[in-house]
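Dear colleague,

I am handing over the structure below for your reference.

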Amino acid sequence: MAEYTSTHFDYSFPLIQIPRIPYGSLGIKDYLAKELPIVIEDSKLVGPALEKWDLGYLSANLGEKGMYNVMQTRGHQKFKYFDQNKVKELKGMSEFILEASTEQMTFQEFVKRIRLPQEDRDMYYYLQQPLNDTVGQNIFSDFRQFNWELVKELSGHMKWGALTNNMLLIGEPGNVTPVHYDEQQNLFCQVGGKKRCLLFHPRHFDKLYPYPVYHPCDRQSKVDLRAPDLSLYPLASQLEGMECVLSPGDVLYIPIYWWHQIESIESSLTTSITFWFKASPASLDNITFPLSPSHKVAMMRNIEKMLTEALKDPKEIDELFCNIVQGRYFREEKK
C-alpha cells in the first residue's frame with residue numbers, strides 16, 4: 001500500500017513553508033531573480049489542462065497507437081531517476097542496483113494497469129511523457145492554449161535560456177520522486193490531485209551525498225529522507241528544508257540546483273506539467289564573487305565531467321578524487 005500519502009509525516013529535520021503569492025503580484029519576479037522557491041497561485045498557466053485533463057479526457061484524446069514512457073517499480077513507490085546509457089557503461093558494477101525500470105506502452109495499457117487495486121499487485125507506475133505534437137490533436141491544441149504570455153514574461157525577465165521540455169506526469173497515490181536536483185529552471189504546475197514538495201538550498205549539497213557524475217543516478221541523493229542512515233551520511237542530520245502542498249492551479253518555481261523531493265499525497269491520481277528552461281547563458285557579467293552555492297555546484301560538476309571524460313574508468317576516477325582530498329583538505333568544523 002501507499003507509503004507517502006500523508007502530509008503529516010514528521011521528518012527529522014526542520015521545514016519551513018515556501019511562500020505563496022497570487023498571480024500578478026510584483027513580488028513573484030523578486031523571488032525568481034534571487035532564485036528562491038515560490039508558489040504562484042491562480043496563474044491559469046495550464047488553464048485548458050485544469051479544465052479538461054482528467055483520466056477520461058486523456059484516454060479519449062491521447063490516441064490508441066501512441067507509445068508513452070512509464071516508469072515502474074516492484075514492491076515500493078520510490079521512482080529514482082537513472083540514466084540508461086550510464087547503466088550500460090557501468091555494467092558489472094555490483095554496487096549499482098536498478099530500483100526502477102522504464103517501459104513504453106499505450107496510454108490505455110497504462111490506465112488498465114493503474115486501475116487494478118494496489119492490494120492486488122506489487123507493481124507501481126508513473127507516466128512521464130514529453131508534450132509535443134505526437135500526443136494527439138486535441139491535447140496538442142490544449143497545449144498551445146496554455147498561458148504562453150506568462151511563460152514569455154517570466155523567462156524573459158529572468159533572461160533564462162530556451163524552454164527545453166514540457167513533461168506530462170501522471171502518478172499513483174503514494175508515488176514519490178526521491179530527492180534530487182536538476183540543471184534547469186523549473187515551473188512545476190499542478191493539474192490534478194495534491195503533491196507535497198520538499199526543497200533544499202544548494203548549500204546542502206554536502207549533506208545530501210549525491211552520486212558521482214558518472215553514476216546512473218547522477219544528481220540523485222543517496223540519503224533516504226524518511227530513514228536517513230546517519231552512520232553512513234552523518235551530515236544529513238544538519239539538513240534544513242522548505243515545503244509546500246500543491247493543489248490544482250498552483251505553480252511551484254523550483255530554482256536550478258535546488259534539491260527537491262515530490263510526493264503524491266492523495267488517494268487519487270496526481271497530474272502535473274513541467275516547464276523546464278536552460279539556465280541563463282553563462283558570462284562574466286552574471287557571475288558574482290564570492291561564488292553562490294549554485295555556481296559552486298556547477299563548477300564541481302564541470303570538474304567531475306572533465307576528469308570522468310579523461311579517465312573513463314570509474315575506479316580510476318574514485319581513486320583520483322580520494323588522492324586529491326585525503327589528508328590534504330579538511331572541513332572546518334562549526335562551533
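Arg121 counts as buried because its relative accessibility is 13%, where buried means under 20% relative accessible area, exposed over 50% and partly exposed in between, with a 1.4 Å probe and protein chains only. Please note that this is a predicted model, in which local features need pLDDT of at least 70 and side-chain atom pairs count only at pLDDT 80 or more, while totals for chains, interfaces and linings use all residues. Residues are numbered from 1 along each chain as its sequence is written, and side-chain values use heavy atoms, with hydrogens and water left out.

Arg121 is located in the loop between helix H5 (107–114) and strand S6 (123–130); helices (H or I, at least four residues) and strands (E, at least two) are DSSP runs, numbered from the N terminus. Its side chain reaches the backbone oxygen of Met123 at 2.5 Å. Not counting residues up to four places away in sequence, Arg121 touches Arg113, Ile114, Leu116 and Glu172, a contact being heavy atoms within 4.5 Å.

Asp122 is in the loop between H5 and S6. With a relative accessible area of 37%, Asp122 is partly exposed. Residues up to four places away in sequence aside, Asp122 touches Thr73, Arg74 and Gly75. The side chains of Asp122 and Arg74 are joined by a polar contact of 3.2 Å. A polar contact is a pair of N or O atoms within 3.5 Å; within protein, one must be able to donate a hydrogen and the other to accept it, and residues adjacent in sequence count only if both atoms are side-chain atoms. Between Asp122 and Thr73, the C-alpha to C-alpha distance is 8.2 Å, with 49 residues separating them in sequence.

The nonpolar cores

A nonpolar core is a set of buried Ala, Val, Leu, Ile, Met, Phe, Trp, Tyr and Cys residues joined through side-chain atoms within 4.5 Å. The largest has 43 residues, of which Val46, Trp53, Phe107, Phe110, Ile273 and Phe275 touch the most other members. Apart from it lies another core, of 24 residues, including Val39, Met71, Met242 and Ile262.

Asn166 belongs to strand S7 (residues 163–171). Asn166 counts as buried because its relative accessibility is 5%. The side chain of Asn166 reaches the backbone oxygen of Thr274 at 3.1 Å. Among the residues that Asn166 touches, not counting those up to four places away in sequence, are Gln129, Trp148 and Phe275.

Loops around strand S10

Lys194 sits in the loop between strand S9 (185–192) and S10. At 32% relative accessibility, Lys194 counts as partly exposed. Lys194 and Thr270 are 76 residues apart in sequence, yet their C-alpha atoms are 6.4 Å apart in space. Leaving aside neighbours within four places in sequence, the contacts of Lys194 include Val245, Glu263, Ile265 and Thr270.

Leu208 is found in the loop between S10 and S11. Its relative accessibility is 0%, so Leu208 counts as buried. Residues up to four places away in sequence aside, Leu208 touches Val179, Phe200, Ser221, Lys222, Val223, Leu225, Leu239 and Trp259. The C-alpha atoms of Leu208 and Ile265 are separated by 23 Å, and the two are 57 residues apart along the chain.

Backbone geometry

Most residues other than glycine have a negative phi, and most peptide bonds are trans. Tyr209, although not a glycine, has a positive phi of about 45°. Lys312 likewise has a positive phi, near 70°. Lys312 lies in the loop between H8 and H9 and, at 56% relative accessibility, counts as exposed. The peptide bond from Phe289 to Pro290 is cis, with omega near 0°; Pro290 is in the loop between strand S14 (270–277) and H8.

Helices H8 and H9

The axes of helix H8 (residues 293–311) and helix H9 (residues 314–325) come within 9 Å and cross at roughly 130°. Axes are lines fitted to C-alpha atoms, for helices over the stretch in contact, and angles run from 0 to 180 degrees between N-to-C directions. The contact is made by Glu304, Leu307, Thr308 and Leu311 of H8 and Glu316, Ile317, Leu320 and Phe321 of H9.

With kind regards
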